[in-house]
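Okay, thanks for coming, everyone. Let me put this one up on the screen, and then I'll walk you through it.

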Amino acid sequence: MLDLIESVPENKAIFESIIITNSKIKNPCYKNIVCSISGGADSDIILDLISKIDTENKVKYIFFNTGIEYQATKNHLMFLEKKYGIKIIEIKAKIPVPLCCKKYGETFLSKQISEWIMRLQKHSFRWEYGTFEELYKKYPKCKAALRWWCNNWPKTKKGSESSYNIEYNRYLKEFMHENPPNFKISNKCCHYAKKVLAESYKLQNKIDLSITGIRKAEGGARQRAYKTCFSSDVDGTDEYRPIFWYKKKDTELYKKYYSVQNSECYSKYGLDRTGCACCPYGANYEKELEAAEKYEPKLYKAAMSIFQNSYEYTKMYHEFCEMKKAENGEKHE
Ligand code: SF4
């Protein structure tokens with residue numbers, strides 16, 4: 001440990017992550033520690049960091065295979081096992097993404113939006129205009145989703161649109177009113193391919209500390225849910241996020257200084273994220289599709305078949321936005 005501290009690069013975030021990770025892993029109160037490995041760039045840093053500290057092999061590594069993973073990710077996991085002399089336990093989805101989308105519906109735009117739409121579809125909502133009070137009378141069992149549709153959540157303190165309102169996504173309401181979705185939309189795949197597995201793994205293995213690679217600077221709902229790098233007793237398990245405070249420059253420095261090698265999703269395919277291949281939630285899913293078509297054609301075919309409706313609907317929505325912006329004389333982004 002002393003060697004590690006003496007040789008650490010001059011960087012506050014990296015230095016502190018080493019000190020705190022050491023104190024967490026060496027803490028005798030933690031007997032069962034697990035670290036989620038995704039095969040992504042941040043997860044590569046976490047694994048490298050832990051491997052420098054965990055000399056007693058206290059930490060177990062797990063990978064959730066959602067059923068739509070890049071071969072490059074799977075290859076990278078094998079590379080990591082060899083490089084660090086560890087075993088990464090693969091946990092298969094309770095319901096894999098392809099099956100889940102078929103059964104419950106495809107994902108569209110974001111987890112939250114898919115949730116609201118799923119609820120409204122369940123109540124045969126007709127994507128109609130009306131005040132919240134009027135629609136709530138007609139559809140009394142989906143209050144929260146109607147609040148989204150009717151922009152019923154208050155604005156933020158700074159006066160901007162609440163992300164719980166449909167207006168947060170410009171022209172989405174007009175688009176859906178004019179083009180009601182003719183396929184099922186749902187956010188269930190994250191639930192069955194990741195969430196329930198993580199929960200049952202923690203329970204079954206009596207995990208007392210769970211380590212993940214979430215970074216605050218990444219933004220997004222998942223990051224916004226956390227204020228700091230540590231949360232105690234989340235459903236019986238403490239959670240620690242070693243690189244929570246890392247900015248992009250810190251991750252780049254770490255990677256260079258400690259010669260961390262990322263998967264070919266980055267180095268060959270030119271992607272800036274991994275995870276489920278070509279997930280429609282990803283802002284750059286079209287770029288991912290291009291890469292998959294070129295490097296992993298079977299995966300490309302699978303994604304096109306699983307998310308076909310969502311891709312088409314998303315494309316229609318983006319075209320609708322462009323048309324509206326042009327009509328309203330708004331600047332092209
Ligand atoms: S990341 Fe996307 S494809 Fe993967 S489980 Fe979640 S919604 Fe489904």
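This is a predicted model: local features need pLDDT of at least 70, side-chain atom pairs count only at pLDDT 80 or more; totals for chains, interfaces and linings use all residues.

Residues are numbered from 1 along each chain as its sequence is written, and side-chain values use heavy atoms, with hydrogens and water left out.

Next, Asp-44, which sits in helix α3, residues 41-53. Asp-44 is buried but has no salt bridge, and the nearest side chain of opposite charge, Lys-255, is 7.6 Å away. Buried means under 20% relative accessible area, exposed means over 50%, and partly exposed is in between (1.4 Å probe, protein chains only). For charge, Lys and Arg are positive, Asp and Glu negative, and His and the chain ends are not counted. A salt bridge takes a side-chain nitrogen of Lys or Arg within 4 Å of a carboxyl oxygen of Asp or Glu.

So what does the side chain of Asp-44 make a polar contact with? That's the side chain of Asn-262, at 2.8 Å. A polar contact is a pair of N or O atoms within 3.5 Å; within protein, one must be able to donate a hydrogen and the other to accept it, and residues adjacent in sequence count only if both atoms are side-chain atoms.

On to the salt bridges. Side chains of opposite charge can pair when their charged atoms come close. By our rule the count is 17. One of them links Glu-161 to Lys-155, with the closest N and O atoms 3.2 Å apart, and Lys-155 is exposed at 51%. Glu-239 pairs with Arg-241 at 3.4 Å; Glu-239 is buried at 12%, and Arg-241 is buried at 0%. Then Lys-324 and Glu-327 meet at 3.6 Å, N to O. They are three residues apart in helix α16, residues 308-327, so about one helical turn separates them. Lys-324 is buried at 17%, whereas Glu-327 is exposed at 51%. And shared partners join Lys-202, Glu-239 and Arg-241 into one salt-bridge network.

Also in helix α16 is Met-316, partly exposed at 37%. Leaving out residues up to four places away in sequence, Met-316 touches Phe-175 and Asn-179, where contact means heavy atoms within 4.5 Å.

Last, some backbone angles. Ser-259 isn't a glycine, yet has a positive phi of about 50°. Ser-259 is in the loop between α12 (248-257) and α13 (264-267), and is exposed at 55%. Cys-278, also not a glycine, has a positive phi of about 60°. That residue lies in the loop between α13 and α14 (285-295), but Cys-278 is buried at 0%.

Methods
Helices (H or I, at least four residues) and strands (E, at least two) are DSSP runs, numbered from the N terminus.
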